Amino acid sequence: MHPVIDVQGAVKQYGSGDAAIFALDGVDLRIDSGEYVAIMGPSGSGKSTLMNIMGALDNMTAGKYFLDGIEIDTLDENALAVVRGRKIGFIFQSFNLIARTTALANVELPLAYQGIKGKERRARAMAALKVVGLEDRVSHEPTELSGGQQQRVAVARALSTRPALLLADEPTGALDSKSTHDLLDLFDQINAAGRTVVVITHEDDVAARAKRIVRMRDGKIISDTVNKK
Amino acid sequence: MSIFEIIRFAIRGLNSNKLRTTLTTMGIAIGVSSVIILLAFGNGSSKAVQAGIEKLGTNTITIQSNRGGFGGGRASASRSVSSKPLTVGDAVALSDPTTAPDIKQAAPVASANTTCTFGTNSSTPGTFNGTWPAWFEASNTSVSKGTYFTNDDVTEGRRVAVIGNTIVTDLFTGVNPIGQVMRCGGIPFTVIGITEKKGSNGFQDGDSLVVAPLTAVQRSLTGYNNLQSIVVQAKSAKVQDLAQTEINTIMDAQHKVKNVNNRDYRTLNQASLLATTSSSSSVLTVLLGMIAGISLLVGGIGITNIMLVTVVERTREIGIRKAIGAPKRAIMTQFLIEATILSLVGGLLGVVGGLIGSNFKIVGVQPIIIPSSVFLAFGVSVFIGLFFGSYPASRAASLRPIEALRYE
């Protein structure tokens, strides 16, 4: 059984020569299936860069990255699109829903890009919206939903493709405490159902829900501990 | 990902900024409709000129003597020994249905240069012809008031005349000209008919006209043996070339022409005049089409501009779509379809506008739509959408998701 995430010696360098900045400076990280990991660190620690690399959104200067056994660096643009669509479910701080598009259509979108059609697509999107408790808001557009509801639509969208990995980048950054609490409960529930969850955050109470906490500073992992609740 | 899905995305994208979509569409619509209208206008004006020329007579071939410039027999000094003048006999020979099956009729014409007077009024007709009644049909001239003169009038040499509208207004203001006697070169002619208005062909006033029996004119004004021309009418425009050949055969025999390159007569036909004018008016049409084409091009650049703005504006959306697994092709197709819909709808509106706009007269010319111009303009507009949309679309598709997501 291979790990969901296997990052080996990841280096991300911006600029060159004297002006070179290392956003990642030799990072090794293994995350197995079913884990719930929080990646913590102050801004500039490289956690967002790591998240972008894990999400196949950005490439590394050096190092290797296997996602669910697939070596990402060797893939071309089209294969990357397939990987992003099928292996990863993204959740962003600013929700990143498509404007003027209903919740249902937003959730259906990644399925549509995978070529899943008609009834099956609708059923899967509806099922995902039911998991996040928004089955009565399917025809609402993002502007008609609260921040917490929008983020839950984003979670439904991420879940709809049944990805190997749920990748959340500061998912609670734009939410009030009640919505934050609801969302974290949802993450617990998703992880309990067996899905791998990785959350990037700088908030302690968000990280406290995870089973494993990875701390970063200056592009390096400084601690990797099991969270004893 | 089905194409219908992408089309739906594209329509949704266009819907999200209706004002901009409308304005861009209008740019194309104006371009397409101006192509259709201006080409129709050019076509209409050339048809109008052709119709004007046709009014002055088609299917007709005019035979003139080559013996000296205009004025025929009067230039007697330049008369060459071997050449013969045109004669009434030539006209009779040309009228023979067995030797000239494609010639409907022929009429000899003697022209006089003279001034006509009635009371104190006077007028110098641009054309004063002594001829046979066949001339009227051959030259496409009809009498709208009064009557034609007859073969009997010709035989008897009666001094009667059919006059054009210009002569009527010059001489007979406030008087019914029919039955009046005017004097032309001192000779009295009784007006028996007035020709229908012909208008001008651009060179000559077709209504400054007096037509009288050949014999009367020859006897009193030009003398015999001085035919200006013979007007021949072919049976139809189609057999005009055959008629031309028959004329040459008959005339060569009549005039004993040995060398066809050195004939003592020449022929002019209206078809060649028509060809000249239509080629010059097609230059006008092409010119108008080019001007309209430029406006279509400007519309196309408008599409590029708008699509570039749209791509920039929706960078983040493109980033999101890519992050959730949109392949490059899907993004590319979406923006390309958006651009194509803009130009397609614009093109359709332009065709409708062009068809409506072509119903109105422009400076007195009724535009006549060239059907191919409609398809051309529409096709070009769709092509413009694809062509000018492809750059912004490929730009959108090659955005890196990480940068697109960071874009605010």
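Predicted model: local features only at pLDDT ≥ 70, side-chain atom pairs only at ≥ 80, totals over all residues.
## Helix pairs

| Helix pair | Angle | Axis separation |
|---|---|---|
| Helix 11 (residues 328–357) and helix 12 (residues 371–397) of chain B | about 155 degrees | 7 Å apart |
| Helix 1 (residues 3–15) and helix 11 of chain B | about 60 degrees | 8 Å apart |
| Helix 3 (residues 103–113) and helix 5 (residues 147–160) of chain A | roughly 25 degrees | within 8 Å |

Take the chain A pair. Its axes cross at roughly 25 degrees. Helix 3 of chain A is therefore roughly parallel to helix 5 of chain A. The crossing of these two helices is right-handed. Helix 3 of chain A brings A:Ala103, A:Asn106, A:Val107, A:Pro110 and A:Leu111 to the contact. Helix 5 of chain A answers with A:Val153, A:Ala156, A:Arg157 and A:Ser160. By class, this contact holds six nonpolar, two polar and one charged residues.

In chain B, helix 11 takes part in two of the tabulated pairs. Start with helix 12 of chain B. The packing angle with helix 11 of chain B is about 155 degrees. The two helices are therefore roughly antiparallel. Helix 11 of chain B passes helix 12 of chain B in a right-handed crossing. Sorted by class, the contact of these two helices has 16 nonpolar, eight polar and one charged residues.

Now helix 1 of chain B. Its angle to helix 11 of chain B is about 60 degrees. That makes helix 1 of chain B oblique to helix 11 of chain B. This crossing is also right-handed. On the helix 1 side of chain B, the contact is made by B:Ile3, B:Ile6, B:Ile7, B:Phe9, B:Ala10, B:Ile11, B:Gly13 and B:Leu14. On the helix 11 side of chain B, B:Ala330, B:Thr333, B:Gln334, B:Ile337, B:Glu338, B:Ile341 and B:Leu342 take part. The contact of helix 1 of chain B with helix 11 of chain B divides into eleven nonpolar, three polar and one charged residues. A general point on helix geometry applies here. An α-helix has 3.6 residues a turn, so residues three or four places apart point the same way.

## Nonpolar cores

The largest nonpolar core has 71 residues. Which of its residues touch the most other members? They are A:Ile5, A:Ile39, A:Met54, A:Tyr65, A:Leu67 and A:Val198. Helix 11 of chain B gives the most to this core, with nine residues. A second core is separate and has 38 residues. Its members include B:Ile63, B:Leu94, B:Ile250 and B:Val257.

Beyond four places in sequence, A:Val198 touches A:Ile5, A:Ile31, A:Val37, A:Ile39, A:Met54, A:Leu165, A:Leu166, A:Leu167 and A:Ala168.

## Helix 10 of chain B

Helix 10 of chain B spans residues 315–323. Eight of its nine residues are buried, so helix 10 of chain B is largely enclosed by the rest of the structure. Among the buried residues are B:Glu317, B:Arg321 and B:Lys322. B:Thr315, B:Ile318, B:Gly319, B:Ile320 and B:Ala323 are buried too. Just after this helix, B:Gly325 takes a positive phi of about 105 degrees.

A:Arg121 lies in helix 4 (residues 118–131) of chain A. Is A:Arg121 buried or exposed? It is buried, because its relative accessible area is 7%, under the 20% cut-off. Outside four places in sequence, A:Arg121 contacts A:Glu108, A:Leu111, A:Ala112, A:Ile116 and B:Glu5. A:Leu167 is 46 residues from A:Arg121 along the chain, and their C-alpha atoms are separated by 22 Å.

A:Pro142 sits in the loop between helix 4 and helix 5 of chain A. At 9% relative accessibility, A:Pro142 counts as buried. A:Pro142 and A:Thr102 are 40 residues apart along the chain, with 6.9 Å between their C-alpha atoms. Not counting residues up to four places away, A:Pro142 touches A:Leu97, A:Ile98, A:Ala99, A:Arg100, A:Thr101, A:Asn106 and A:Gln150.

B:Thr60 belongs to strand 1 (residues 60–65) of chain B. B:Thr60 is buried at 4% relative accessible area. Leaving out residues up to four places away in sequence, its contacts are B:Ala138, B:Ser139, B:Val231, B:Val232, B:Gln233, B:Gln240, B:Leu268, B:Asn269 and B:Gln270.

Key: Residues numbered from 1 in each chain as written. Chains lettered and ligands numbered in written order. Heavy atoms only, no water. Axes fitted to C-alpha atoms, helices over the stretch in contact; angles between N-to-C directions. Helix = DSSP H or I, 4+ residues; strand = E, 2+ residues; numbered from the N terminus. Parallel < 35°, antiparallel > 145°, perpendicular 65-115°, else oblique. Left-handed = near helix turned anticlockwise from the far one by under 90°. Nonpolar A, V, L, I, M, F, W, Y, C, P; charged D, E, K, R; others polar. Core = buried A, V, L, I, M, F, W, Y, C linked by side-chain atoms within 4.5 Å. Buried < 20%, exposed > 50% of the residue type's maximum accessible area, 1.4 Å probe, protein only. Contact = heavy atoms within 4.5 Å.
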